[in-house]
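Colleague: Could you walk me through this one? I am new to reading models.

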Amino acid sequence: MSKMPNADHRTRVAAERRERMQARLVECALAVFAEKGVGASVIQDVIATAEVSQGTFYNYFRTNDELLAAVVQELSNELLEGIEGAVSRYEDPAARIAHGVRLYLYRARDFPLFARFVVSAAFHLASPNNLIYEYLPPHLEAGFASGHFVRIPVEVALDLVSGFALAAIVRLTTGEVGGDYPEQVVLTLLRALGFDEQKARNVAFAPLEPLPVPPISLISRATARLDA
């Protein structure tokens with residue numbers, strides 16, 4: 001006579017099922033928000049896209065804002081974690097910032113869905129939970145300490161880098177930019193932080209190793225869903 005599954009097994013299976021459903025709702029929401037804008041009420045569209053009942057949806061998210069917050073946090077932090085891991089091998093803080101911004105911009109160029117969502121979400125990405133507020137300030141402080149950057153308030157430098165990157169993604173969505181646009185953005189950013197022309201150019205145009213995009217990442221899943 002077979003044994004009934006124990007409580008731990010049932011709990012684990014239920015948790016995995018819940019995790020899969022939440023991931024499905026978030027990836028559908030990313031696609032819908034990117035198309036309709038973050039100001040739109042998208043719950044019914046997400047329910048239809050995910051092919052779930054209203055009851056199922058409301059077991060996970062109660063409001064449009066909760067859904068948007070989940071998309072913003074997962075999409076942004078997933079990418080920033082990858083970038084932070086990639087740039088940590090550089091000793092020079094200017095190189096870390098330059099490579100990080102370039103990787104962010106190339107992700108926007110390679111994944112139009114990501115770029116459209118970033119443009120639409122804009123200031124929603126400035127959530128206190130966004131990992132940019134954890135990762136970027138230490139690199140800026142190291143740049144100030146090294147004498148490579150002109151000393152300005154770190155919050156001003158943080159807004160300069162993040163705001164410039166957002167404006168660049170808006171420009172990228174038009175498609176009317178040169179192939180070295182990310183490098184030109186970083187070159188100008190470094191000049192604004194106090195680098196001279198030649199040093200800034202050397203850092204901005206240094207070889208760049210692409211950031212892998214795991215198939216399980218939110219942007220991969222959402223893009224595959226749209227292309228299906």
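Modeller: Pockets come first: on a 1 Å grid over the protein atoms alone, a pocket is an open set of points where a 1.4 Å probe fits, with protein on both sides within 12 Å along at least five of seven lines, and lining residues have an atom within 4 Å of a point. A volume is the space filled by probe spheres set on the points, which are joined across faces, edges and corners. This is a predicted model, where local features need pLDDT of at least 70, side-chain atom pairs count only at pLDDT 80 or more, and totals for chains, interfaces and linings use all residues. Residues are numbered from 1 along each chain as its sequence is written, and side-chain values use heavy atoms, without hydrogens and water.

Colleague: Which element gives the most to the lining of the largest pocket?

Modeller: That pocket has a volume of about 560 Å³. Among the 28 lining residues, L80, Y104, I132, S162 and A165 are closest to its centre. Helices here are DSSP runs (H or I, at least four residues), numbered from the N terminus. With six residues, the top contributor is α8.

Colleague: And which element gives the largest share of the lining of the second largest pocket?

Modeller: Its volume is about 210 Å³. Of its 14 lining residues, E78, L79, R107, P214 and S217 lie nearest the centre. Both α4 and α11 supply at least two residues, but the largest share, five residues, is from α4.

Colleague: Which residues in α11 does α4 meet?

Modeller: Contact means heavy atoms within 4.5 Å. From α4 come V71, E74, L75 and E78, and their partners in α11 are L218, I219 and R221.
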